[in-house]
Amino acid sequence: MKLSEIQSLFKRNLMVPEADPRELHNLTPVGKLTLEQAFQIYHRGYINRLTQTLKGTFEAVAWVLGDALFAELCRHYIEAQPSVSYNLTVYGETFPDFIKDSATTKGIPFLHDLARFEWAYKEVLEAPTPEPLPIEQVRDLLNQDDVHIGMIEAMSIFGSEYSAQEIWKRRKDPAYMFEDINWADPEYLLIYKKQQRVQTHRLSKAEALILQELQEGASLAEAFSHHANELSPEKITGLIELMMRTGIIADVMPTESY
Amino acid sequence: MNNSSFSHKVGMGLRPPHFSFLEQRPTTEVAWFEAQTETYIHTQGRSLEMLQAIRQDYPLALHGISMNIGSPEGIRVDYLQGLRDLIERVEPFIVSDHMSWNSVSGQNLHNVLPLPFTEDSLETLVNNIDFVQNFLRRPLVLENISTYISYTHNNMNEWDFVTEVSRRSGCALLLDLNNVYVNSHNQGFDPKYFINHIPLDRVAQIHLSGPSNYSGLLYDTHSQEIPDHVWDLFKLLAPQIRHLPTLIERNEDIPNFRELEVEVMKAVRILENSYEAERNTESV
């Protein structure tokens, strides 16, 4: 049997450890193990490694569900979503959607959004620390008629019908259970990185939509005009100040050269 | 920092639970850190920033688990490009991985999996090592692994296989004494026999860690304190390997930094004692 065939066979039995002795005559377990038990060790190693990775990223989801239910959810996810990357930090991007579709977690309405929040937070954390434009330069450039704004990579606009961040903040506090937290209020957040630290800032829904449109390539005039009835001139000025203060502006380009 | 002649020899695996402690730049007994390669390849955020900050104060080694050096499918070039970029950034003094395979048809199994000790495996390894060493323009260091499955068509022992890989490819060896201990216990051979039959002059680094014991079988969890059996092997080898970098490695159930640092100090002491004992013998 060629090495490639042996490795394919090994993989099949590692993923589903029901060793078939007719196929596996080339393999032998060590010590007093049976071959199935030996494959179970590798299988558990695979599941545990990916479960620990998911637990590291989705810490608050794990806290809400408790160890047993979280492990069960992860096992189902890992079986449905094999890891294809050598870098474990990228594993779990589809976990929030998996939670949404999972019958196990149907009774916890905020869980999908909590998972989305945790993934967004991780993405900002793992993005390079940004180099925003200096505030004075931004002020000068904003004096033009209309501009497009290039946003930093290390930011995310998050919106939810539930207070995901409120739950997330309590994940390490043993005095709390998620039932103690008022999670029923809608929440809009700017998640961004400044000086190597991830920070969040609460937004109104209109502010979040404007930032989202700017991020997607709308000009400043376009984005504000879509929400002119929802924000007073003072609020608009305040939002521009916020963008400068948080350092999320990487570039300002005149619309004609965009 | 300890000022003995061996205080610069013993390092510790760099693990995220220690990041916030190390960020404060405390004085430690650790001479160098070993970072897990895959955590830092193709990343630019918190993890890499932390690694670069550590690199300002300590020498670094890179240790991978996903190079897939034993795969007939060859090595992923995007992995090697990422590794080469990382090497340029942090200038590690050693780049190592495992004498194993971990991926088939694009699926990563996140385990270090055993190879048959056959000519087919040798050829695969030697070709892949040659490719990697040319790509990285530096020697690769490969670690012996612990296994729960072996192959009935093996036509050599592990120690002969390891020796042959190094001899034919020019790669250096990372001798993991925990893995030698785990295999010797589970497979019923004398660990000293393994050590005596590999070319110690090809060994570039030592790993020390502790396995878990369930119902008499040892599991390579790297989650426990280093057991006496492993310390004894280290003492036995100390006269021959005390010039090499030694690493205290913990992958699971990671204790706080100061607790794990005790094992670093113990390893330094063993190296010092070995040197003192030899000097005293010579002066007699």
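The model is predicted, so local features need pLDDT of at least 70 and side-chain atom pairs count only at pLDDT 80 or more, while totals for chains, interfaces and linings use all residues. Residues are numbered from 1 along each chain as its sequence is written, with chains lettered from A and ligands numbered from 1 in the order in which they are written.

**Confidence**
- Chain A has an average pLDDT of 92, and 98% of its residues score at least 70 (pLDDT is the predictor's confidence in each residue, from 0 to 100).
- Within chain A, helix α7 (residues 135-141) has the lowest confidence, with a mean of 87, and strand β3 (residues 155-160) has the highest, at 98.
- Helices (H or I, at least four residues) and strands (E, at least two) are DSSP runs, numbered from the N terminus.

**Where the chains meet**
- Chain B puts 38 residues in contact with 38 residues of chain A (in contact means that the C-beta atoms, placed from the backbone, lie within 7 Å).
- Elements giving two or more residues to chain B's side include α3 (46-57), α5 (119-136) and β12 (217-224) of chain B.
- β6(B) supplies the largest share of that side, six residues.
- Sorted by class, chain B's side has 13 nonpolar, 21 polar and four charged residues (Ala, Val, Leu, Ile, Met, Phe, Trp, Tyr, Cys and Pro count as nonpolar, Asp, Glu, Lys and Arg as charged, and the others, Gly among them, as polar).
- Strand β1 (residues 27-29) of chain A pairs with β8(B) in the antiparallel sense, over three bridges (strands pair if DSSP finds at least two bridges between them).
- P29(A) has I149(B) as its bridge partner in β8(B).

**Helix α9 of chain A**
- In α9 (residues 205-215) of chain A, the buried residues are E207(A), I210(A), L211(A) and L214(A) (buried means 20 or more other C-beta atoms within 10 Å of a residue's own, exposed 12 or fewer, partly exposed in between, with C-beta atoms placed from the backbone).
- They sit on the same side of α9(A) because they cover an arc of only 95° around the axis (the arc is that of the directions from the helix axis to the C-beta atoms).
- Their cover includes β2 (147-151), β3 and α11 (233-246) of chain A.
- Just after α9(A) comes G217(A), with a positive phi of about 115°.

**Positive phi in chain B**
- Most residues other than glycine have a negative phi.
- S105(B), not a glycine, has a positive phi near 50°, and lies in the loop between β5 and β6 of chain B.
- S105(B) counts as exposed because it has 10 C-beta neighbours inside 10 Å.
- R137(B) isn't a glycine either, yet its phi is positive at about 55°.

Conventions. Contact = placed C-beta atoms within 7 Å.
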